[in-house]
Amino acid sequence: MRIAFVVAALSVAVGCGGDPGPDDARSSEGEVGSREIGVLAPVGAADVAFTYDPEAAPPGAQLELEVVPGDGATTVRLSADLLQPDRGYAVHAHTDPCGKNGTDAGPHYQHEVDPAATPERPSVDPAYANPHNEIWLELATDGQGHGMAETTVPFAFDDRAPSSIVLHEQPTTATEHGRAGSAGARLACFTASFR
Ligand SMILES: [Cu+2]
C-alpha cells in the first residue's frame with residue numbers, strides 16, 4: 001500500500017524528537033491520505049503559509065491538513081495550534097496557491113464550477129457556493145489557540161484539486177443568495193496540494 005506523505009513546510013519541531021520517520025494520515029478506519037503542515041509567517045518571510053493579520057492569525061501558528069479520499073467522497077481535516085484563543089475562523093479550500101496578497105489564492109475551489117462566476121465576481125450562488133460543492137470548515141479554537149475541524153464532501157478530486165486553504169475573519173460562512181460563500185477578510189493562507 002502506498003502512503004502519500006507531504007510536508008509542505010515545517011519550521012518548528014513536531015513529534016517526539018529523534019528521527020521522526022515517515023508518517024501518514026491513516027484514520028481509525030485505516031484510510032490513507034496525505035498530510036501537509038504549514039507554519040504561518042509574515043508575508044515578507046513566508047513561502048508556504050502566510051499571515052495577513054498577525055493579531056488574528058499569529059506568526060508561528062501551525063496548520064496541519066489531512067486529506068483522505070473515500071468512495072466518491074473526500075474527508076478534509078484541519079488541525080491548528082497557536083492561533084488566537086477562543087475564536088472561530090471560517091476556512092475554505094481555494095483554487096490558487098497563496099501569495100503576498102490574500103487575493104492571490106483566487107476563488108473557492110468548486111467541484112462543479114459556477115458558470116456565472118468571473119474573476120471579478122466570484123460565485124455567490126448557493127447552488128454552487130455551498131459546503132457540498134466547495135470545501136468549508138469551521139475552526140473554533142480553545143483557550144490555548146488549538147482547534148480542529150473536519151468535513152466530508154461528496155466528491156473526489158480528478159484532474160483538478162484545490163491549491164490552498166484560507167482562514168477568514170468571520171467564524172461561519174454565509175449561505176444566502178448573493179453572499180453565499182463569503183466569510184470576511186482573508187487572515188491567513190496555506191498552500192497545500194490536497195494530494
Ligand atoms: Cu474562502
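Guide: Gladly, and a definition comes first: two strands pair if DSSP finds at least two bridges between them. Strands themselves are DSSP runs of E with at least two residues, and helices are runs of H or I with at least four, both numbered from the N terminus. Please keep in mind that this is a predicted model, in which local features need pLDDT of at least 70 and side-chain atom pairs count only at pLDDT 80 or more, while totals for chains, interfaces and linings use all residues. Residues are numbered from 1 along each chain as its sequence is written.

Let us start with the pairing of strand 6. Gly88 stands opposite Ala140 in strand 7, and strand 6 and strand 7 pair in the antiparallel sense over 5 bridges. Strand 6 is also joined to strand 9 by 5 bridges, again antiparallel; here His94 has Ser164 of strand 9 as its bridge partner.

Val91 counts as buried because it has 28 C-beta neighbours inside 10 Å. The cut-offs are these: a residue is buried if 20 or more other C-beta atoms lie within 10 Å of its own, exposed if 12 or fewer, and partly exposed in between, with C-beta atoms placed from the backbone. In strand 6, 6 of the 7 residues are buried, so the strand is largely enclosed by the rest of the structure.

What does Val91 touch, leaving aside residues up to four places away in sequence? Its contacts (C-beta atoms, placed from the backbone, within 7 Å) are Leu78, Leu137, Leu139, Ala149, Ile165, Val166 and Leu167. There is also a C-alpha separation of 8.3 Å between Val91 and Thr173, which are 82 residues apart along the chain.

Stepping back, Val91 is among the residues with the most contacts inside the largest nonpolar core, together with Ala49, Phe50, Leu78 and Phe190. That core has 40 residues, a nonpolar core being a set of buried Ala, Val, Leu, Ile, Met, Phe, Trp, Tyr and Cys residues joined through C-beta atoms within 7 Å. Strands that each supply at least two residues of this core include strand 6 (88-94), strand 7 (136-140) and strand 9 (164-168).

As for the whole protein, it has 0 helices and 10 strands. Of its 195 residues, 38% count as buried. Among contacts between residues at least 6 apart in sequence, 64% join residues at least 24 apart.

Note on methods:
Contact = placed C-beta atoms within 7 Å.
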